[in-house]
Amino acid sequence: MGNFEQKLNRFLEIFIEQNGYKMVLEGLKNTIVIAVLGLIIGILIGTIIATIRVIPKYKVLPRILNGFCSFYVGLFRGTPIVVQLLVFYYVALPLMGLHMTGVQVAIWVFGLNSGAYISEIMRSGILSVDAGQMEAGRAVGLSFGTTMVKIVIPQAVKNILPTLGNEFIALIKETSVVSFVGAADLYVAFNLIGSNSYEFMVPYLVMAMIYIVLVLIISLGIKLMERSLRKSDRRN
């Protein structure tokens, strides 16, 4: 017990007196920003891909777009997120002559990766909506695109909300690998504190607790949103 108290005191000394909390706050901010923006990009990409994949394939263009989407989904689902980060940062950016920070790279890679997974989630959500909804929309003169945006996709989002919450939680946890491209997240912050104190037990325990708290907050938020949607359904 005394040994643990020494480790805890050493951690608190670096965390408070040596401003270690500033690194943690910066890492926490980057973790949340990467996950939130990555999820938003993923939802936009995933919705577009899902819509393309459910369009009737009577014409050539929908078949070509469907083939491209299938390749995209297979590429990002078939390679680890770490490999995608490294290839994007050390190969794609230099070839294109572009410069981005580690956080910016992480946002885009996480967004592109998430889009591949969300496209399948969204597609299953769209298919779960009664086909009569599309027929009703077309019957009153709405185009296929308008019917999808105003009628089908909103209902699909209701059906897949818990799964989208799980995807957000997965993004929060996966941000621990962004240090490979020089982005400072929670892992980097606590690893630096551990390196400075030569003790990693307490920093890693605190880091784990922060991740758990983040996940619990997200889970609570999803439950509140589901409850609100169920109430609105009952009113309707």
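A pocket is an open set of grid points with protein on both sides within 12 Å along at least five of seven lines, and its lining residues have an atom within 4 Å of a point. The model examined here is predicted.

By this definition, the second largest pocket is lined by Leu75, Phe76, Thr79, Val83, Gln84, Val87, Phe88, Ala92, Val109 and Leu112. Helices α3 (60-77), α4 (81-96) and α5 each give two or more residues to this lining. The largest share comes from α4, with five residues. Eight of the lining residues are nonpolar and two are polar; none is charged. The volume of the second largest pocket is about 160 Å³.

The largest pocket holds about 210 Å³ of space. Its lining consists of Val54, Pro56, Ile126, Leu127, Val129, Asp130, Ala131, Met134, Phe144, Met148 and Val152. At least two residues each come from α5 (102-128), α6 (131-139) and α7 (144-174). Helix α7 gives the most, three residues. Ten residues of this lining are nonpolar and one is charged, with no polar residue.

Helix packing was examined for α2 and α8. The axes of α2 (residues 20-54) and α8 (residues 186-197) come within 7 Å and cross at roughly 160°. Angles over 145 degrees count as roughly antiparallel, so α2 is roughly antiparallel to α8. The crossing of the two helices is left-handed. On the α2 side, the contact is made by Gly20, Met23, Val24, Gly27, Leu28 and Thr31. Helix α8 contributes Leu186, Ala189, Phe190, Leu192 and Ile193. The contact of α2 with α8 has eight nonpolar and three polar residues, and no charged ones.

Technical notes. Residues are numbered from 1 along each chain as its sequence is written. This is a predicted model: local features need pLDDT of at least 70, side-chain atom pairs count only at pLDDT 80 or more; totals for chains, interfaces and linings use all residues. Side-chain values use heavy atoms; hydrogens and water are left out. Axes are lines fitted to C-alpha atoms, for helices over the stretch in contact, and angles run from 0 to 180 degrees between N-to-C directions. Helices (H or I, at least four residues) and strands (E, at least two) are DSSP runs, numbered from the N terminus. Angles under 35 degrees count as roughly parallel, over 145 as roughly antiparallel, 65 to 115 as roughly perpendicular and the rest as oblique. A crossing is left-handed if the near helix is turned anticlockwise from the far one by less than a right angle, and right-handed if clockwise. Contact means heavy atoms within 4.5 Å. Ala, Val, Leu, Ile, Met, Phe, Trp, Tyr, Cys and Pro count as nonpolar, Asp, Glu, Lys and Arg as charged, and the others, Gly among them, as polar. On a 1 Å grid over the protein atoms alone, a cavity is a set of points where a 1.4 Å probe fits but cannot get out, and a pocket is an open set with protein on both sides within 12 Å along at least five of seven lines; lining residues have an atom within 4 Å of a point. Grid points are joined across faces, edges and corners, and a volume is the space filled by probe spheres set on the points.
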